[in-house]
Amino acid sequence: MTPRSASAPGKVVLCGEYAVLDGAPAICMAVDRRARVRITAGENGRHTIVAPGFTKIEGRCVTHDGRIEWLQGRDEFRLVDAVLCTLDALPREPLRIELDTEAFRGRGSAQKIGLGSSAALAAALTAALLGNTDVADIAIDAHRVLQGGAGSGADVATAVSGGLVEYRMHGRVARPLRWPEGLHFRLLWSGVTASTKDRIARYLAARRERAAGRLADAAATMADAWSSADSVLAGFPDYIAALRRFSVDHDLGIFDAGHDRLVDEAAAAGLVYKPCGAGGGDIGILLGRSPASLDDFAAAGRRALDCSFDNTGVRLE
């Protein structure tokens, strides 16, 4: 076969977390930590899949139910299984599939930092297998299989499109937005990994309609604020307050792992900080008008990530 390579960016959910599951818009941005996939012909009639620090080889192609045998266990292997089954196109020839998500780990650490590595990998793998980048629906379906049917698809849609997007789960609509002029950000790592899948499951199992409705209203208001830096910075305090109430109502611990303290410290410094995505660990975003102020805040013993905005979505390379 002709070798194919693809990559896709990570993502940060800026607002609309959880509420996107109830039909509210989520605002997400792509960042320049990219998942990479390379597919070449397998050797000796065997499939090979390679992930960071691990290689799996299997001689037989499929089991009786059509699943690839060598993909059981590790998340990267289960994702390949999910993508192939969603495509309903098992390989007719042995493949070597190389998966690279090292960019999504902390420097010198094995810990994932919460930038959507599995979503980016789903987009890149689907693009490499199909040889094109029109892969949002297939990649979202495959990623939902990996997550046990949970998730909105916002992270995959952002990996496919790149840039800043307003995403709605119903209809899977990803509308491109322009990053507000004069708005700057830094991403901070909490030092604690968190499971988005587990928190979403906890929310869905104990969803309180009134509390969910309040957050959905706040998410819709915040989504409208992304027309300018001033409106974003002015709108976030009310949205963060609504997210705090929502977290308490559902016992989700969104502001655990130091996020709560950083929200208050940033406000005292004239900046905005909030946890991103499911919260309870992983990353948060610091926002303001002055890059120097952001750097000063991040340098005060806080774990700043070397990440930039990425306008480029999934691409063949």
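By class, four nonpolar and three charged residues, with no polar ones, make up the lining of the largest cavity. The structure is a predicted model. A search of the whole structure returns one cavity of 30 Å³ or more, and zero disulfides.

**Cavity**

- The volume of the largest cavity is about 40 Å³.
- Its lining consists of Ala 211, Arg 214, Leu 215, Ala 242, Arg 245, Phe 246 and Asp 249.
- Two elements, α6 (209–223) and α7 (229–250), each give two or more residues to the lining of the largest cavity.
- The greatest contribution to this lining comes from α7, which gives four residues.

**Cysteines**

- No disulfide is found anywhere in the structure.
- Cys 28 takes part in no disulfide, because the nearest cysteine sulfur, that of Cys 15, is 8.1 Å away and a disulfide requires two cysteine sulfur atoms within 2.5 Å.
- Cys 276 is likewise in no disulfide, since the nearest cysteine sulfur, that of Cys 28, is 9.8 Å away and the cut-off is 2.5 Å.

**Burial of the cysteines**

- Cys 28 is buried, as its relative accessible area is 0%.
- Cys 276 is also buried, with a relative accessible area of 6%.

Methods. Residues are numbered from 1 along each chain as its sequence is written. This is a predicted model: local features need pLDDT of at least 70, side-chain atom pairs count only at pLDDT 80 or more; totals for chains, interfaces and linings use all residues. Side-chain values use heavy atoms; hydrogens and water are left out. Buried means under 20% relative accessible area, exposed over 50%, partly exposed in between (1.4 Å probe, protein chains only). On a 1 Å grid over the protein atoms alone, a cavity is a set of points where a 1.4 Å probe fits but cannot get out, and a pocket is an open set with protein on both sides within 12 Å along at least five of seven lines; lining residues have an atom within 4 Å of a point. Grid points are joined across faces, edges and corners, and a volume is the space filled by probe spheres set on the points. Ala, Val, Leu, Ile, Met, Phe, Trp, Tyr, Cys and Pro count as nonpolar, Asp, Glu, Lys and Arg as charged, and the others, Gly among them, as polar.
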